[in-house]
Amino acid sequence: MKYKDYYAILGVPRSADLDEIKKAYRKLARTYHPDVSKSPDAEARFKEAAEAYATLKDTTKRAAYDELGHPPTGAEFKPPPQWQQDFAPGGASFEDIDLADLLAAMGRGQTGGAGSGRRHAMPIKGRDFETSVSLTLEDARRGSSMNLTLADAQGERTLQVTIPPGACQDQKLRLRGKGGKGMQGGLDGDIYLHINLAPHAVFRPDHHDLYFDLLLAPWEAALGAEVQVPTLDGAVLLSVPAGTRAGRKLRLRGRGLAADKSDLYAIVHIDVPATLTERERELYQELAKVSAFNPRANAFKEKAHV
Amino acid sequence: MFDEQTEWLNLDVRASISLTELAECCGLTATELDELVDYKALTPLDGVASERVFSAHWVMPLRTVAKMRLDFDLDLFTVAMMLGQLDRIAQLEQQVQSLQALLPQRQRAPH
C-alpha cells in the first residue's frame, strides 16, 4: 500500500485542529472545484483534497491514519497489525488496496478489499448518471429516439431512449433504476436527463410556446391579409385582421412544442420599402394628405401625464 | 449492449414525489429534508397523505445543493440558503428566456 501525506495535500501542519483543516480544505475546494477551475489538473487536485479531508475531519479515521507515522509520500508501507484484524480478518492482503478506499471503508464499517470478510454489509445505491441532450425544435415537438452511452466501473453500456413529444428548454427527466447497479441490496441508480433546445433560425421557445417575427407591409397590416407563415409542421395560411398594429401577437393554436397544449405566436412587425418607385411615392404622398392618422397622438398624451 | 427504457418521470411542477423518494434522489436523509422544510427552503405540497409529498421540480436543485454540500463541506443551514438562491436564479433565467422569446431576432443577445 502506498502512503499519501494528507497533511501536505491540505497544506496544514500535523498538529492542525479541525477548524484549520476545514479552512484549508474549503480554500482548495474553491480553487480546484471542476465547476470553477479551468485548470487541466483541477479535478485531480480537487479529488485529492477531498480524499485528504474525508480522513482528517473524522477523529477515528485521523487517529488511524496518524498511527501510520510519517513515511515519505508514495512510499510502500505496512499498516499496523490491528488493521489486519479490523479490515481483513480472513487474512486477505492489503497490497492491492488503496489507502483512501481502506479509510473510507472504515467509515462504513466494512472492508475495502475484494474477497475479504465484511463486518456490516450496508446497501449501496448504484451510481446516478446525469447527462444533457440537445434537441432541435422539430424533434422536441415530435419526440425522438437516441442512444445514451453509460460508462462506469462496471463497464460501458448503451441505453436506447425515447424522448417524449413536447419537450421544452431546461426540462429535466428521470429514468428510475436505469443507472449503475446497486450493491449489497442497494437500489439501482437513476438517469437524469437535461433537455437543451438548439437555437432555431426562425422560432424562439418560451416554455412550450413558440414565437417568431412576422413582417407585414403597411397595407397588409392596415387592410388585413392572408399570409403564408412557417410552423414546425410546414407552412400554413394565417389571417391577419385589418388594423393589425406592430407588436400584436397573432396566435396559431396548438402549433407550439406540445401539440394541442401550446401555441405558436407571430409577433407583427411592420416594414416599409427602403426605396420607393415614383408611383409608390405618389401613393404614399396622397395617403399622407388624406389620412388623419397620428401614431404619436396617444404617446404624447401619456407623456403629458407623467 | 442495448437496454430497454422504462418510463421517464418529469421533474417539474406537474409531478410529485414522496419524502422517501426525494431523499433517495438527492442523497439527503428524510430528517435533513424535514430540517430544510423547517427553514422554509423547501415546501411540501398540501395534502392529507400519510407521508409528506413535494413537487418533483425540487429534485434537481436538491441534487445540486447536496453535491455542493459534500464538495465544500457545507452545513445544512447554508444548504437551505443556497436552495432558495438557486430557485430564485431558475425563476430569473425563465423570465429572461420568456423576454428573449419576445425580442425580435436581430435584437437578441448571442448565446
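**Close-up views of a predicted model**

**View 1. Helix 1 of chain B passes helix 3 of chain B in a right-handed crossing.** This view, like the others here, comes from a predicted model. Helix 1 of chain B covers residues 19–26 and helix 3 of chain B covers residues 59–72; the two pack at an angle of about 45°, and their axes are 8 Å apart. At that angle, helix 1 of chain B counts as oblique to helix 3 of chain B.

**View 2. Four strands of chain A form an open sheet in the order 6-7-11-10.** The pairing in this sheet is mixed. Its edges are strand 6 (204–206) and strand 10 (249–252) of chain A, each of which pairs on one side only. On average, neighbouring strands of the sheet are turned by 35° against each other, direction ignored. Further in, strand 7 (residues 209–216) and strand 11 (residues 264–270) of chain A pair in the parallel sense, over seven bridges. A handy landmark is L214(A), which stands opposite V268(A) in strand 11 of chain A.

**View 3. Helix 4 of chain B lies across strands of chain A.** Here, helix 4 (residues 76–102) of chain B lies across strand 6, strand 7 and strand 11 of chain A. The helix runs at about 140° to strand 6 of chain A. In the segment after helix 4 of chain B you will find P104(B). Leaving aside neighbours within four places in sequence, P104(B) is in contact with D213(A) and H269(A). Is P104(B) buried, exposed or partly exposed? P104(B) counts as partly exposed because it has 13 C-beta neighbours inside 10 Å, while a residue needs 20 or more to be buried and 12 or fewer to be exposed.

**View 4. Strand 8 and strand 9 of chain A form a hairpin.** Strand 8 (residues 225–229) and strand 9 (residues 236–240) of chain A pair in the antiparallel sense, over five bridges. Six residues lie between the two strands of the hairpin, where G234(A) takes a positive phi near 115°.

Technical notes
Residues numbered from 1 in each chain as written. Chains lettered and ligands numbered in written order. Predicted model: local features only at pLDDT ≥ 70, side-chain atom pairs only at ≥ 80, totals over all residues. Pairing = 2+ DSSP bridges. Axes fitted to C-alpha atoms, helices over the stretch in contact; angles between N-to-C directions. Contact = placed C-beta atoms within 7 Å. Parallel < 35°, antiparallel > 145°, perpendicular 65-115°, else oblique. Left-handed = near helix turned anticlockwise from the far one by under 90°.
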